[in-house]
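Subject: Structure handover

Hello,

Here is the structure for you to take over. My notes on what turned up follow below it.

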Amino acid sequence: MSTQTVVEPEPAATPPAPKRRVTSLEVLCVVLVVALLAQGRLVEWLDVPAIQTGATIFVAVCVQALPFLVLGVLISGAIAAFVPASALNRLLPKRQSVAVPVAGLAGVALPTCECAAVPVARRLMQQGVPTSVALAFLLAAPAVNPVVLVATNVAFPNNPGMVAARLVGSLATAVVMGWLWARFGKAEWIIERALRRLPEPDGRSRWRLFFETSRADLVDAGGFLVLGGLTAAVLNVVIPRAWVDTLGEQIVLGVLVMAVLAVVLALCSEADAFVAASISGMPLLPKLVFLVVGPAIDVKLFALQAGTFGRSFAIRFAPATLVVALVCAVLSGLLFLGGA
């Protein structure tokens, strides 16, 4: 009589225990505990004028820019959730050469800082708007909106030509850069996620998409805002003020110095006119260069662009924008200020 061998089933493999991840809250708690234990030593290290100045500049840059960054991500989320791509395409002219200046003029109606314009420009690209048109809006909105123009008029009450010169110089910068991108720009310079088309949401998911998009954009852009503010603070401490005073005595060097300062200081466009007006002894033309270059490109904006559109885009777009803004500011100054 044959016997059958009964094969017992092997016990099921125990799934590996999930690895515990360290959260940002735990990291923050550890940092706070270390800071409390070493507060005496930290006070000694931080009680240095240069560090205090840098910390003040860092906080000022972030505090100035954060409300406008929040405004920008809310507008970005609203565009993604409530504005269909077909509507945007109907509103814009079909020819990019005409749509670019239209986008520049649209910046007059939307008072946003440069931090806010970056996520809005990305959302426009994702909605099918041509890249050159979105970039023209990105450059125009922070510089030609009514809030900035009124602030400029208040900062320069005895020089009404500064308002017109800033408006024309900044708008020309946006339009020229849009046209240059339409002619020479390449889509592969921008990271894929910045151009990825979003599906049209239905009625129930629009508010959810609005909140999720706004939250993601805020987290994404906020980190690069902090990086840009930190860079601006370090550079402000490192560069001696005596160099600025000496070079500002000559008009050509003054123009170059003010352009560099605009990039380094990374001021909000709603406040930069008061800073420019406070620099005594500097002619109007270098101050105008400061006002046109700053909203177009600075270290904070470069960090935001690199994080949003990719490093390949930023290292090409930023230097070209600096050159175009410098030239447009000088020409506008010669036209409205007589080179003063």
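Start with helix α9 (residues 161-184) and helix α15 (residues 284-296): their axes come within 10 Å and cross at roughly 40°. That angle makes α9 oblique to α15. The crossing is right-handed. On the α9 side, the contact uses M162, A165, R166, G169, S170 and T173. They meet L284, K287, L288, L291, V292, P295 and A296 of α15. By class, this contact has 8 nonpolar, 3 polar and 2 charged residues.

Before going further, a word on confidence. This is a predicted model. The protein chain has a mean pLDDT of 78, with 71% of its residues at 70 or more. Helix α17 (residues 311-336) has the highest confidence, at a mean of 95. Helix α12 (residues 241-247) has the lowest, at 64. Where pLDDT is low, the predicted coordinates should not be read in detail.

α9 also packs against helix α8 (residues 146-155). Here the axes come within 8 Å and cross at roughly 145°. This crossing, too, is right-handed. V148, L149, T152 and N153 of α8 make the contact with M162, V163, R166 and L167 of α9. The residues divide into 5 nonpolar, 2 polar and 1 charged. Note M162 and R166 of α9: both take part in the contact with α8, and both also meet α15.

The crossing is right-handed. F302, Q305, A306 and F309 in α16 meet R311, F313, A314, I315, F317 and A318 in α17.

Now the annotation. The unreviewed UniProt entry places the feature "transmembrane region" at residues 55-82, 102-121, 133-156, 162-182, 218-239, 251-268, 275-297 and 317-337. How much helix do residues 251-268 hold in the model? That span is 83% helix and 0% strand, and its end C-alpha atoms are 25 Å apart. Residues 317-337 are 95% helix and 0% strand. The end C-alpha atoms of that span lie 29 Å apart.

Over to you.

Best wishes

Technical notes. Residues are numbered from 1 along each chain as its sequence is written. This is a predicted model: local features need pLDDT of at least 70, side-chain atom pairs count only at pLDDT 80 or more; totals for chains, interfaces and linings use all residues. Side-chain values use heavy atoms; hydrogens and water are left out. pLDDT is the predictor's confidence in each residue, from 0 to 100. Helices (H or I, at least four residues) and strands (E, at least two) are DSSP runs, numbered from the N terminus. Axes are lines fitted to C-alpha atoms, for helices over the stretch in contact, and angles run from 0 to 180 degrees between N-to-C directions. Angles under 35 degrees count as roughly parallel, over 145 as roughly antiparallel, 65 to 115 as roughly perpendicular and the rest as oblique. A crossing is left-handed if the near helix is turned anticlockwise from the far one by less than a right angle, and right-handed if clockwise. Contact means heavy atoms within 4.5 Å. Ala, Val, Leu, Ile, Met, Phe, Trp, Tyr, Cys and Pro count as nonpolar, Asp, Glu, Lys and Arg as charged, and the others, Gly among them, as polar. UniProt positions are given in the numbering used here, feature names are shortened, and annotations may be inferred rather than shown by experiment.
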